[in-house]
Amino acid sequence: MKIATAWNANEAQAATAAGAESIVRRNLRIEGTLRFTGSLTIEGEIQGSIISEPASVSRLTLTESGVIEGSVDVASALISGHVKGNVHSSQHLTLTAKAVIRGDVKYRELEIAQGAVVDGQLIFEGESRGA
């Protein structure tokens, strides 16, 4: 499945180069905390927290079939699936039209496509721009 995104090609290459690309396939369910560096794609189900290692270039991709029940704390993320829990992105967060988040979202940069659902607060953590 190809996902349309505004990701910078250099950002994606840096995330993959920083660590191995990992994929949680559709028929896989993982329970517990999942820590990673580099690029992680989730097509299956995670019940627990997802954390990218601090100070790492990391990229989480949650496909339309992906489900996360727990908190997400990553540098960058592209979300097309369902998250039941809080999401924190320290760099860039993209929510596609199929994204559903039931929890608060903390972000520095945010893109939201029409149709995306956030049932929680949007909390900006970047530097304020002068009016």
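Predicted model: local features only at pLDDT ≥ 70, side-chain atom pairs only at ≥ 80, totals over all residues.

A: Residues are numbered from 1 along each chain as its sequence is written, and side-chain values use heavy atoms, with hydrogens and water left out.

First, the setting. The protein's secondary structure comes to 1 helix and 15 strands; helices (H or I, at least four residues) and strands (E, at least two) are DSSP runs, numbered from the N terminus. Of its 131 residues, 41% count as buried, where buried means under 20% relative accessible area, exposed over 50%, and partly exposed in between (1.4 Å probe, protein chains only). The accessible surface comes to about 7,200 Å², and 46% of that belongs to carbon and sulfur atoms; such areas come from the Shrake-Rupley method with a 1.4 Å probe, and for residues only the protein chains shown count as cover.

On one hand, β13 pairs with strand β11 (residues 87-95) in the parallel sense over 7 bridges; two strands pair if DSSP finds at least two bridges between them. Within this pairing, His88 has Lys106 as its bridge partner in β13, and Leu95 has Ile112. On the other hand, β13 pairs with β15, also in the parallel sense, over 3 bridges. There, the bridge partner of Val105 is Leu122 in β15. Strand β11 in turn pairs with strand β9 (residues 72-79), parallel and over 7 bridges, and Ser76 stands opposite His92 in β11. Strands of a sheet pair through backbone hydrogen bonds, either parallel or antiparallel.

A search of the whole structure finds 1 aromatic pair. The rings of Tyr107 and Phe124 have centres 5.7 Å apart and planes at 55°, so the pair is tilted; rings of Phe, Tyr and Trp (its six-membered ring) pair if their centres lie within 6.5 Å, and planes under 30 degrees apart count as stacked, over 60 as edge-to-face and the rest as tilted. Tyr107 counts as buried, at 16% relative accessibility, whereas Phe124, at 40%, counts as partly exposed.

Gly103 is found between β12 (100-102) and β13, and is buried, with a relative accessible area of 11%. Leaving aside neighbours within four places in sequence, Gly103 is in contact (heavy atoms within 4.5 Å) with Gly85, Asn86, Val118, Asp119, Gly120 and Gln121. Gly103 and Val87 are 16 residues apart in sequence and 7.2 Å apart in space, C-alpha to C-alpha.

β2 pairs with strand β5 (residues 45-47) in the parallel sense over 3 bridges, and Ile30 has Ile46 as its bridge partner in β5.
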